[in-house]
Amino acid sequence: MGLRSIFGGDNLVTTKLDQAIGWARKYSLFPYPFVTACCGMEYMAVSSAHYDLDRFGAAFPRFSPRQADMLMCVGTISQKIAPILRRVYDQMCEPKYVVAFGVCTCTGGFYDDYSTVIGIDTIMPVDVYIPGCPPRPETVIQGLMLLQEKIQNQKHEY
Amino acid sequence: MPRNIFKTLQQKFSDFILEAYTYRDDAIVVVDRNAIYDICKFLRDDSRMKFDLLMDLAGVDYLGRDPRFEVVYTLYSLKNNNRLRIKVPIDERNPQIQTVSTLWKIADWYEREVWDMYGIRFKGHPDLRRILMYDEFKGHPLRKDYPITKRQPLITAEYTNNSTITPTVELSNKAMDEYVSEEDGLKVKHMFLNMGPSHPAMHGVIKIILELDGERVVSADVGIGYLHRSFEKHSESIYYNGVFPYTDRLNYVSPLINNVGYALTVEKLLDIEVTERCKYIRIIMSEISRIADHLTCIGAMAMELGAMTAFIYFMQAREAMYQLIEEVTGARITISYVRVGGVKADLPERYEKRVGEQLKKVRAEIKQVHKLLTRNRIFVDRVQGVGVVSKEDAISFSFTGPLLRASGVDYDVRKQFPYSNYDKIDFEIPIGKNGDVYDRYLIRMEEMEQSCLIIEQAFEKMPKGAIMVDFEGQEIPAEKMADLGKFGQTKNLLHQVAVTDPTLLGSNKPYHDMVYAPDKRVSLPSKEKTYGSIEGLMNHFMLIMDGYGIRPPRGEAYFAVEGANGELGFYIVSDGTDKAHRVRCRPPCFAFVAGFGKMIEGAQVADIVPAFGSINMIAGELDR
């Protein structure tokens, strides 16, 4: 928050700077695909040639949480894997965004049972929920655009 | 044939055979638990029996009955091509039985699963610990007195304290200590490496604890269960047709085959047969799914080896398959298309032509990838001679499908136990001989071509669907009829049903009768009947209401289909109500992953990736 207080809180300079940083960040999202289940098939479809996530600058997956800034949580999270997901989240550097891909990560879906976590927001904060079982590629693209909008309009730390 | 088996067993183990009978053509023997090891050994080794594959091992809980539990073994003989089911009652006070893990290697994992889910102990098992649930879990979830929604607290210790990796078991005796290497006389120490669960090549849900001597794998312990979603428990608490959405998510790359497998098992329990057209529709949809599955498997494997181009080409081809599936079912992946006694709706208009176009695309992509990979030096060097599984090991681990065929065993459920008119179709089963990753790759490539041929033949042999004709016998396409209807020119039409799209508007009577079995116990009536007559309405009501529905007679059945990965079996126990008492799924990749530790022993770390890619592990069906 250093620079922001030097400029004297919210004013023309900081809002313009926020916009510029937001514009830069929203087109360079490096996803960490935490793929566990059926939604992975749609993730494959959406990130390969036909639907081409690269148009949004968000197709190059980084398999190290240290290099990623968007955690794409794709597929059912069971009680057994939840601690691992949380650990991956903790290892990511700020700024980080979480996308709940598919209804299982949003609410648990129709797996209301002893082994499934009721939505990943019980273990970490979520930025965008993409419902669908699995969501169609178009839905995923819309979710991603919503995230970009969120990044564009948010206050950044500098 | 079953009679001979019964006779031999009764002669040899007269005191221990409690019952022997057949039900729905399945041979079943109920035996005393004290003799299970001897009986299994006899059945495996005797030259007349030769039951060399342990296809399945499952537990069943009959709460309120004494003895409460039952362990069910499904054996298969390659020589005689028959199955045998052995059931062993086990009482609640002392839930214990002799292990058979020394007879079949796969039994190790099957027994761990039964222990995890039912709490039945296996005496003499080398390493009886939980497999699907986590170690801290209390209780045994598939027991009937464990409520399905009873969640236990999340284990947070794993991420709060930053503990170092400790293997859960002692992997080998040299594991932790320094020792002098025999090869070069240097002091060495084995290293432990955790591969997964969050690892790109492990598909997110497998943990392999590797014991490494430099780059060489000394031993490996594979951990699964990260996607356990209690398919079996859900299937026991929902009516028969309600299970289909859950079966979609077993092998989510080829969901239609799971649908067909489950439907055929329930149909076997009910002893009904579907219509001819429906059989061919099931074949066509299964084979489209199989192509999609193999495309994904090879594409992903090639990508993990760095061949991104092949992946992109195959995803393009898979997209064509998904479009075909979507045209019929309305969904891309989780389709829920098949019903007990039929399929949801008939194929859309001019589907054959569409399939022809898309298959042409797929064949072109396959040809491209053949050019890219099959003789590519880099690819071949990384896959040839890697992940070799001998014929004996493959049988002992009860591998099925492409992996068993790559090891040189000719076994395909579509040929050995033909279902849904597969016996009327002419196709070939490719067989490998080395049992390595390269053979599996070639077999999958060839199977896709065979699947294309099957689809084309099925379209030729399929009885024509319902068509609209006018009084002169001329066929009227649906959209033309809709146009005529708009102008009120419906007088000279024979059947005045305006059909625009059978897949989206539900089933109309002429279509409906072609794809549903004419059996009121299972098939929903067509919309015209439901809305137009009291009998139809009552029939619909009886099938939909909770507590009525489809009620197979008391009994049990095992039925297997050839999934994209191998034998996909369902074992269903019915207690006469509208919900199954037990649904057990025999997932083909469970066996592959059980044998994976053995497959990579002695290999390099880099070989793990192609070997794992070639087994096509699908977590949904592995962990269920």
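Predicted model: local features only at pLDDT ≥ 70, side-chain atom pairs only at ≥ 80, totals over all residues.
## Extent of the interface

The contact between the two chains involves 41 residues of chain A and 55 residues of chain B. The size of an interface is often given as the accessible area lost when the parts come together. For chain B and chain A, the buried area is about 4200 Å², and 60% of it lies on carbon and sulfur atoms.

## Polar links across the interface

Between chain B and chain A there are 18 residue pairs in polar contact, counting pairs with both residues at pLDDT 80 or more. Three salt bridges are counted between these chains. One of them joins A:Glu42 to B:Arg332, with 2.7 Å between the closest N and O atoms.

## The side of chain B that touches chain A

Several helices of chain B give two or more residues to this side: H4 (157–160), H5 (231–236), H6 (244–248), H8 (276–304) and H9 (308–329). The largest share comes from H9(B), with nine residues. By residue type, the side of chain B that touches chain A has 30 nonpolar, 15 polar and ten charged residues.

The buried residues of H22(B) include B:Val605, B:Ile608, B:Val609 and B:Phe612. B:Asp607 and B:Ser614 are also among the buried residues.

After H22(B) comes B:Asn616, which has a positive phi, near 50 degrees.

Note on methods: Residues numbered from 1 in each chain as written. Chains lettered and ligands numbered in written order. Heavy atoms only, no water. Contact = heavy atoms within 4.5 Å. Buried area = accessible area lost by both parts, 1.4 Å probe. Salt bridge = Lys/Arg side-chain N within 4 Å of Asp/Glu carboxyl O. Polar contact = N/O pair within 3.5 Å; in protein donor to acceptor, adjacent residues only side chain to side chain. Helix = DSSP H or I, 4+ residues; strand = E, 2+ residues; numbered from the N terminus. Nonpolar A, V, L, I, M, F, W, Y, C, P; charged D, E, K, R; others polar. Buried < 20%, exposed > 50% of the residue type's maximum accessible area, 1.4 Å probe, protein only.
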